[in-house]
Amino acid sequence: MTPEELADGLDRVGYLPDPGLATAAHLALAMHRPLFCEGEPGTGKTSLAHALARALDLPLVRLQCHEGIDASQALYDWDFPRQLLHLRALEAAGPVDAEAAEASLYTRRFLLARPLLEALERAPCVLLVDEVDRADDEFEAFLLEVLDENAVTIPELGRVAAATPPLVVLTSNRTREVHDALKRRCLYHWLEHPDLAREVAILRRRLPGLTGRLAGQVAAAARRLRELDLLKPPGVAESLDWAAALLALGREELDAEAAAVTLGAVLKYREDVQRALSAGVAGR
Amino acid sequence: MTGAGALTGLVGFAHALRHAGVACGPERVHAFVRALDHLDLARADHVYWAGRLALCAEPGDLPRYDAAFTAWFGDGDRPAPPRGRAPRPGRLAALVDGTGRPGPAPDLRVAASDVEVLRRKDIADLTPAERRHLRELLATLRPVPPRRRAHRRRPARTGRLDARRTLRGMLATGEPVRLARHRRTHRPRRVVLLIDVSGSMKPYADALLRFAHVVARAVPVEVCTLGTRLTRVTRQLRRRDPGQALAAAARAVPDHEGGTRLGETLKAFLDRWGQRGAARGAVVVICSDGWERGDPALLAAQLARLRRLAHRVLWVNPHAGHDGYRPVQSGIAAALPHLDRLLAGHSLETLHALLEEVRLA
């Protein structure tokens, strides 16, 4: 496959990558390297993983990172309530041999696969490690180990290795510097907001009922909003929401009045709404 | 380009890139060469993207990469450089006195009373010898991070039922049920230091940055300097050696000893880092004398925003420790309603007190 063919595949599932992003995804596949996507919120980092999964016809496994996330939330955990019940049932049935009971407790049946283990077991698949910048340093180190080996060792069960390494997409909003050791193993791609033509194309692709005229108006207005000094400039997801809201209301044009009633789909801070209204940007 | 010739050219380019300030180690260069196995070496845009994906690691690298690429391969038909809001590379500024080389060896037999005097003396009034001594003393500070509750639990007498250990206990002893319990542990809370390096803070900026370096070595921390613009120096301060760290920070800060536009730079911090997570739940310490040349209303609005994001907002003012100080400067007056504490920060002792305040925050 060439980058252009992959771009076509993504295009078919409604994701329009620019050449850089297509090359990045192509190399991640060909080199079995995780793809580290950074950029402003709303530039399509997370949806890239979803689109890749659909374009390559692979299952998507998602790990949402958060502060304090640890191995038992990311890798696997034992299903204690069920183990307790099982043990109780064994005891009720008669005298229990402790060793046999233990062996029966720590089997795959009572193992809860969390996203990372699930990805290794289901591979080939797309593994999305979302907002890795929210996790702690220790978690990054742990992630490094799993990504390097494409395998984990569960003490009670043994080693679980992926037959094919999963295609890993890591996203970061850059709230925190991610450790260089992690970045070094990845391909790095910085995503920008799409240009006007691409954004219009994305809107029309995702919302089939949208006229070219309205798509153009929404994309242009979103661009102007991004140039205003807002607390949260709208991403592509917001312009999609905006266009969908206008469609739902049966509007055919983005005029001042239509903008005023739908601005809540785009801007999520009171200060931003006020600034946009006073600048008159939304309803030109 | 074919074979060995091409390889030399690619590695040469990586060298040039490193020279331009992009930290691409051998592993990245290797990835770059390997990436081209999967692409078309004859196409400039393929070479461009392979290098950018493999060799760069942060937005700041991208403009340097574009420049180095043009210089090495010529403009050709490579794609137009994406418009980025990536930070411009910093210019050299003499923030540390001298070149960051360690000063003469410290006199270790300083009388205890001298240390005591130095602890209380205003940093602005120190002699060069005392200043060197102060650096030694700063390095002996032992910052302890503030703590927040963590997700992880550990065994305890009281607390929630620990199913895992209860089950293990039942298996091991065969006894019906002896309930094991566990409680939440604690983790360090992030600290954000925002240090004013404008002209009016000149006597204190060096000591405060060294203080930040000491804190950064012990506590999860983000450090930015404020002046006419905002500069993030966390990466630079991560170096172990204080001289090197301070010199690196100095190179990164382009607006040393300029004016102060606290409101605007604070806004830049909140837009770029704060709102997305750096300030969320953190203990934020602003070190500034509060001489605001910009609009005090903007500063007040930004502090109100910061107050909603952060766990605690502390303001350290070197002048607040002086007799007869009144918080009447335009900036500090606007800030005051939004602060948790206003602290002094003119001497080693007050910096010590600040650490204590941060620990308990």
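Q: How many residues of chain A are in contact with how many residues of chain B?
A: In this predicted model, 54 residues of chain A are in contact with 49 of chain B, contact being heavy atoms within 4.5 Å. Local features need pLDDT of at least 70 and side-chain atom pairs count only at pLDDT 80 or more, while totals for chains, interfaces and linings use all residues. Residues are numbered from 1 along each chain as its sequence is written.

Q: What makes the pair A:Glu102 and B:Arg168 a salt bridge?
A: A salt bridge needs a side-chain nitrogen of Lys or Arg within 4 Å of a carboxyl oxygen of Asp or Glu. The N to O distance here is 2.9 Å, so the pair meets the rule. The count between the two chains is eleven salt bridges.

Q: What area do chain A and chain B bury between them?
A: About 4,700 Å², 51% of it on carbon and sulfur atoms; buried area is the accessible area (1.4 Å probe) that two parts lose on being put together, summed over both. In chain A, the residues losing the most area to chain B are A:Arg174, A:Glu177 and A:Tyr188, together 14% of what that side buries.

Q: Why are strand S7 and strand S8 of chain B called paired?
A: Two strands pair if DSSP finds at least two bridges between them. S7 (residues 283–287) and S8 (residues 312–317) of chain B have five bridges, in the parallel sense, and therefore count as paired. Strands themselves are DSSP runs (E, at least two residues) numbered from the N terminus. Within this pair, B:Ile286 stands opposite B:Trp315.

How values were computed
Chains are lettered from A and ligands numbered from 1 in the order in which they are written. Side-chain values use heavy atoms; hydrogens and water are left out. Helices (H or I, at least four residues) and strands (E, at least two) are DSSP runs, numbered from the N terminus.
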